[in-house]
Structures are given as structure tokens and as C-alpha cells.
Amino acid sequence: MHRLAIFASGSGSNAERIIRYFQDHPDIHVPLIVSNHAEAYVLQRAENLKVPYVVFDREAFSDAGSLLRVLQEHGITWIVLAGFLWKVPDELVKIYDRRMINIHPALLPSYGGKGMYGERVHRAVLAAGEKESGITIHYVNERYDEGECIFQARCPVLPEDTPESLADRIHALEHKHFPVVIEGLLLGEWSEG
Ligand code: GRF
């Protein structure tokens, strides 16, 4: 059995999709949500879906030992970052090497890096006049948004788009693909293309 922890800082719509997708799955279970924000809506979703959660403040989060203890207590084998805004401590990245993935709301390597998250990404894509954007699912390494790419999907950017309308299109793409890519990856059935 694979046991996924989802790390999320905000609304958690991706977290909810992933939890629902794996609810009755024979091989993959989501027993833990981790957040850095006690008011994050993802915690409300976790409560509704009856998934345990834990909130870390900055000090506790930077202590890889205490983080690791919580993950081990829940038997976590994989970590999924779904809208998580803090950098994960390097020790944890090493321990979960190729077992920690992130989703980014643009086509990396473009529009990534420190400070590029949420609406800022979509604003930058629109300001550059891109005709296309998309999502990137990638392994996490020690540098923001630079881990090896696992999957990308594309969508058009329309002339009348606002950051909000583009964000909606990107979210739909994330919800469609993220759980399926996770499943393929964990079950070793994922191949690109
Ligand atoms: C997603 O667009 C994700 O790509 C980005 O943050 C957003 C999180 O959305 N990293 P939600 O909290 O899952 O609704």
C-alpha cells in the first residue's frame, strides 16, 4: 500500500480531487494533509472528507526531524505538493528522493522559480503574450521548480483572458490529470506520452 501525504497552503481543490480519486483505491491511500496555514480552506476540506491533518508553523516546519517523525507516524511513502508555498527542507527532499512531486500551473521551465506561484504565474504568462500555457508535474529537488519533469499538459491562452479565467482553465487541467498521473507513477505504470 502506498500512503500519500498532500502538502497544501490554500484552497486545496487539487487535494480534494486527489483524496476523492483514491477514496476506495486498493493500492493507494491518502492518510494525511499537511498545511502551513491554520486558516487554509484545505483543512475544511480535510475535515469534510475525514482526512487527518497537521499544521506546522515555520519553526516546526524547518525542523526536518519533527516533520519526518509525523510523516513516519502516518507511514507516509510519497509526498504530493499541491499548492504548497514553503520550500521543503533539503533533508526531507533527500529522504523522499523521487517520491516527492509538485504541480506547477505553467509549462516549466518557463514561469517557475521562487515567488512564481498562483496568480503571479498567470499574470506573467498574459503579460508575455503567450498563446499557450499549461501544467507541469515534476519531481521535487532542492531548487524551486527545477526537478525532473514527469508530465505536462497544455491549454490555449485566449486574447480575452484575465488571470482568473486562465487560472480556471489551468485548474480544470490539473484536476483532470493530477490524480491519474499520481496513480500511474505510484503503480509504476507511468510512461511519458
Ligand atoms: C494550483 O494551481 C497549483 O498548480 C499551484 O497552486 C494552485 C493550488 O490550487 N501550485 P488548489 O489549492 O489546489 O485549489
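Residues were classed by relative accessible area as buried (under 20%), exposed (over 50%) or partly exposed (in between), with a 1.4 Å probe and protein chains only. The model is predicted, and local features need pLDDT of at least 70, side-chain atom pairs count only at pLDDT 80 or more, and totals for chains, interfaces and linings use all residues. Residues are numbered from 1 along each chain as its sequence is written, and side-chain values use heavy atoms, with hydrogens and water left out. Helices (H or I, at least four residues) and strands (E, at least two) are DSSP runs, numbered from the N terminus.

Asp 63 is partly exposed, because its relative accessibility is 39%. This residue, Asp 63, is placed in the loop between helix H3 (58–62) and helix H4 (64–73). Lys and Arg count as positive and Asp and Glu as negative, while His and the chain ends are not counted.

Helix H4 has Ala 64, Ser 66, Leu 67, Leu 68, Val 70 and Leu 71 as its buried residues. These residues of H4 pack against strand E1 (2–7), strand E2 (28–35), strand E3 (53–55), H3, strand E4 (78–81) and H5; contact means heavy atoms within 4.5 Å.

Backbone geometry was examined next. Most residues other than glycine have a negative phi, and most peptide bonds are trans. Arg 98, which is not a glycine, has a positive phi of about 60°. The position of Arg 98 is in the loop between helix H5 (90–95) and E5, and Arg 98 is partly exposed, with a relative accessible area of 41%. Asp 145 likewise has a positive phi, near 60°, and lies in the loop between strand E6 (132–139) and strand E7 (149–156). With a relative accessible area of 15%, Asp 145 is buried. A cis peptide bond links Leu 108 to Pro 109, with omega near 10°. Pro 109 belongs to the loop between strand E5 (100–104) and helix H6 (119–127).

A salt bridge is a side-chain nitrogen of Lys or Arg within 4 Å of a carboxyl oxygen of Asp or Glu; nine are counted by this rule. In one of them Asp 161 pairs with Arg 169, the closest N and O atoms being 2.7 Å apart. Asp 161 is buried at 10% relative accessible area, whereas Arg 169 is partly exposed at 23%. Salt bridges that share partners also join Glu 16, Arg 20 and Arg 45 into one network. Between Glu 16 and Arg 20, the closest N and O atoms are 2.9 Å apart. Both Glu 16 and Arg 20 lie in helix H1 (residues 13–21), four residues apart, about one turn of the helix. Glu 16 is buried, with a relative accessible area of 17%, and Arg 20 is partly exposed, with 44%. Arg 45 is part of helix H2 (residues 41–49) and is buried at 15% relative accessibility. Leaving aside neighbours within four places in sequence, Arg 45 is in contact with Ser 11, Gly 12, Ser 13 and Glu 16.

Helix H7 (residues 163–186) includes Val 180, and Pro 179 and Glu 183 are also found there. Pro 179 is buried at 3% relative accessibility, while Val 180 is partly exposed at 38%. The C-alpha atoms of Pro 179 and Phe 22 are separated by 8.0 Å, although the two residues are 157 residues apart along the chain. For Val 180 and Ile 18, 162 residues apart along the chain, the C-alpha separation is 8.8 Å. Beyond neighbours within four places in sequence, Pro 179 is in contact with Arg 17, Ile 18, Tyr 21, Phe 22 and Glu 174. With the same exclusion, Glu 183 is in contact with Tyr 21, Phe 22, His 25 and Ile 28. Glu 183 is buried yet has no salt bridge, and Arg 17, the nearest side chain of opposite charge, is 12 Å away.
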